[in-house]
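Here are my notes on the model you sent over. Have the structure open while you read, and go through the points in order.

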Amino acid sequence: MKIGEAQQQYREQVHLCRQQKSALTKQLEEVRKKLQHFPQDKETQEKYQSEAATLELTLDALDEKESEYQEYLDQLSERYCAYWNATVAEQQKDASKEYAADVAKIMEVARRIMKGAIVPASDEKKLMEFSQDIYQVAKNIGSMARREKKEKYDSLWEDEKEKKAYDDPQEVAENASAGPAGPSIVDAADLTGGSSA
């Protein structure tokens with residue numbers, strides 16, 4: 001089962017447990033009111049006490065199951081975050097490498113311009129977009145050096161590969177395996193013995 005599917009399924013179970021607990025709590029309050037406010041014979045009182053005890057046990061069972069589901073949801077959330085963070089970290093690592101490579105190319109373009117060489121207009125434009133100040137310094141130094149000799153270079157960006165497509169971190173996290181099976185899903189009605197509000 002995928003993490004996203006498991007999270008949805010167990011959230012629904014927690015919600016159902018809470019609905020059942022709410023209904024049973026109201027029933028328990030009514031039974032307790034009947035025990036306190038209405039004088040009854042011993043047999044009727046025992047019936048209400050038995051009903052109250054059954055409702056309390058059922059509420060305890062629902063609490064336990066909800067806690068089990070919630071604990072598993074917490075584990076799923078940790079796995080989800082781990083997959084999300086791993087995907088984002090990979091993207092950031094690649095982006096950092098690309099940025100470092102671009103900065104190295106930009107500095108090489110600046111060096112070439114300073115030597116008085118002729119570089120492609122697209123490379124000059126990238127240097128100018130990166131830093132107007134570095135561009136101006138390189139052009140000024142280059143104009144002095146150009147009087148001495150001229151070299152011509154090809155663009156440093158022409159041989160670039162296509163950009164890598166990245167996975168959506170949310171999609172990766174939701175579609176990752178949920179791991180070992182979670183707690184068995186029990187219909188909240190089964191825990192309540194079929195009784196509901």
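Which residues is Arg112 in contact with, leaving aside its neighbours within four places in sequence?

1. **Arg112.** The answer to that one is Ala117, Val119, Tyr153, Asp154 and Leu156, where contact means heavy atoms within 4.5 Å. Arg112 itself sits in helix α2. Its relative accessibility is 11%, so Arg112 counts as buried (buried is under 20% relative accessible area, exposed is over 50%, and partly exposed is in between, with a 1.4 Å probe and protein chains only).

2. **What you are looking at.** This is a predicted model, so to speak of local features a pLDDT of at least 70 is needed, side-chain atom pairs count only at pLDDT 80 or more, and totals for chains, interfaces and linings use all residues. Residues are numbered from 1 along each chain as its sequence is written, and side-chain values use heavy atoms, with hydrogens and water left out.

3. **Overall make-up.** The protein has 6 helices and 0 strands, and along the sequence the pattern reads α-α-α-α-α-α. Both kinds of element are DSSP runs numbered from the N terminus: helices are H or I with at least four residues, strands are E with at least two. Of the 197 residues, 30% count as buried. The protein exposes about 13000 Å², with carbon and sulfur atoms supplying 50% of that; the areas come from the Shrake-Rupley method with a 1.4 Å probe, and for residues only the protein chains shown count as cover. Take the contacts with a separation of 6 or more: 85% of them are between residues 24 or more positions apart.

4. **The largest core.** The largest nonpolar core holds 23 residues, and Tyr10, Leu76 and Ala178 have the most contacts inside it. (A nonpolar core is a set of buried Ala, Val, Leu, Ile, Met, Phe, Trp, Tyr and Cys residues joined through side-chain atoms within 4.5 Å.) Helices α1 (3-37) and α2 (42-114) each put in at least two residues, and the largest share, 10 residues, comes from α2. Have a look at Ala178 in particular: not counting residues up to four places away in sequence, Ala178 touches Met1, Lys2, Ile3, Ala6, Tyr72, Leu76 and Arg79.

5. **A second core.** There is also a separate core of 12 residues, which includes Ile106, Ala110, Tyr153 and Leu156.

6. **Ile3.** Where does Ile3 lie, and is Ile3 buried or exposed? Ile3 is found in helix α1 and is buried, with a relative accessible area of 0%. Neighbours within four places aside, Ile3 is in contact with Leu76, Arg79, Tyr80, Tyr83, Ala173, Glu174, Ala176, Ser177 and Ala178. Ile3 and Arg79 are 76 residues apart along the chain, yet their C-alpha atoms are separated by 7.9 Å.

7. **α1 against α2.** The axes of these two helices come within 8 Å and cross at roughly 160°. Axes here are lines fitted to C-alpha atoms, for helices over the stretch in contact, and angles run from 0 to 180 degrees between N-to-C directions. The pair is therefore roughly antiparallel (under 35 degrees is roughly parallel, over 145 roughly antiparallel, 65 to 115 roughly perpendicular, and the rest oblique). α1 passes α2 in a left-handed crossing, that is, the near helix is turned anticlockwise from the far one by less than a right angle, with clockwise being right-handed.

8. **α2 against α3.** How do α2 and α3 (residues 121-130) pack? The angle is about 110° and the axes are 9 Å apart, so α2 and α3 are roughly perpendicular to each other. This crossing is left-handed. On the α2 side the contact is made by Tyr99, Val103, Ile106, Met107, Val109, Ala110 and Ile113; on the α3 side, by Asp123, Glu124, Lys126, Leu127 and Phe130.

9. Asp102 is found in α2 and is partly exposed at 25% relative accessible area. Asp102 and Lys126 are 24 residues apart in sequence and 9.3 Å apart in space, C-alpha to C-alpha. Glu108, also found in α2, is partly exposed at 21%. Its C-alpha atom is separated by 9.9 Å from that of Asp123, 15 residues apart along the chain.

10. **Val137.** Last stop: Val137 lies in helix α4 (residues 132-146) and counts as partly exposed at 45% relative accessibility.
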